[in-house]
Amino acid sequence: MDPAQESTVLVFFNVKDANDHSPEFERPNYSASVLENVAVGSTVIQVRATDIDSGRLSSK
Ligand SMILES: [Ca+2]
């Protein structure tokens, strides 16, 4: 590498959270029935899970 094109920068990272909580579902079990002639791509069931991690580490 050409020394004239090198540079150094000091970067500080502020770690606000770790992905250390698993998502928790609202119910322990889910069940759904599907007719055999249902359209492809139809929604069968929606479930929701959350966890107490923040930002993109969370399942909110
Ligand atoms: Ca998480």
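**Contacts along the chain.** I note that the model is predicted.

I counted the elements next. The chain has zero helices and two strands. I then looked up the radius of gyration, which is 23 Å. The globule rule gives 10 Å for 60 residues, and the chain's value is well over that, so the chain is more spread out than a compact globule. I also checked the box filled by the C-alpha atoms. Along the principal axes, it comes to roughly 70 × 30 × 10 Å.

**Burial.** What share of the 60 residues counts as buried? I found 0%.

**Phenylalanine 25.** I located phenylalanine 25 in strand β1, which covers residues 24–25. Is phenylalanine 25 buried or exposed? I found 12 C-beta neighbours inside 10 Å, and a residue with 12 or fewer is exposed, so phenylalanine 25 counts as exposed. I set aside the neighbours within four places in sequence and looked for other contacts. Phenylalanine 25 touches Val47 and Ala49 by that search. I also took a distance to glutamate 6, which lies 19 residues away along the chain. The two C-alpha atoms are separated by 50 Å.

**Asparagine 37.** Where is asparagine 37 found? I placed asparagine 37 in the loop between β1 and β2, with β2 at 49–50. Asparagine 37 has 5 C-beta neighbours inside 10 Å, so I log this residue as exposed. I compared its position with arginine 56, 19 residues apart in sequence. From C-alpha to C-alpha, asparagine 37 and arginine 56 are 37 Å apart in space.

**Valine 15.** I went back to the segment before β1, where valine 15 sits. Why does valine 15 count as exposed? I counted 5 C-beta neighbours inside 10 Å, and therefore valine 15 is exposed. Glutamine 5 is 10 residues from valine 15 in sequence. I read 31 Å between their C-alpha atoms.

How values were computed. Residues numbered from 1 in each chain as written. Predicted model: local features only at pLDDT ≥ 70, side-chain atom pairs only at ≥ 80, totals over all residues. Helix = DSSP H or I, 4+ residues; strand = E, 2+ residues; numbered from the N terminus. Buried ≥ 20, exposed ≤ 12 C-beta atoms within 10 Å, placed from the backbone. Contact = placed C-beta atoms within 7 Å. Rg over C-alpha atoms; globule rule 2.2 N^0.38 Å.
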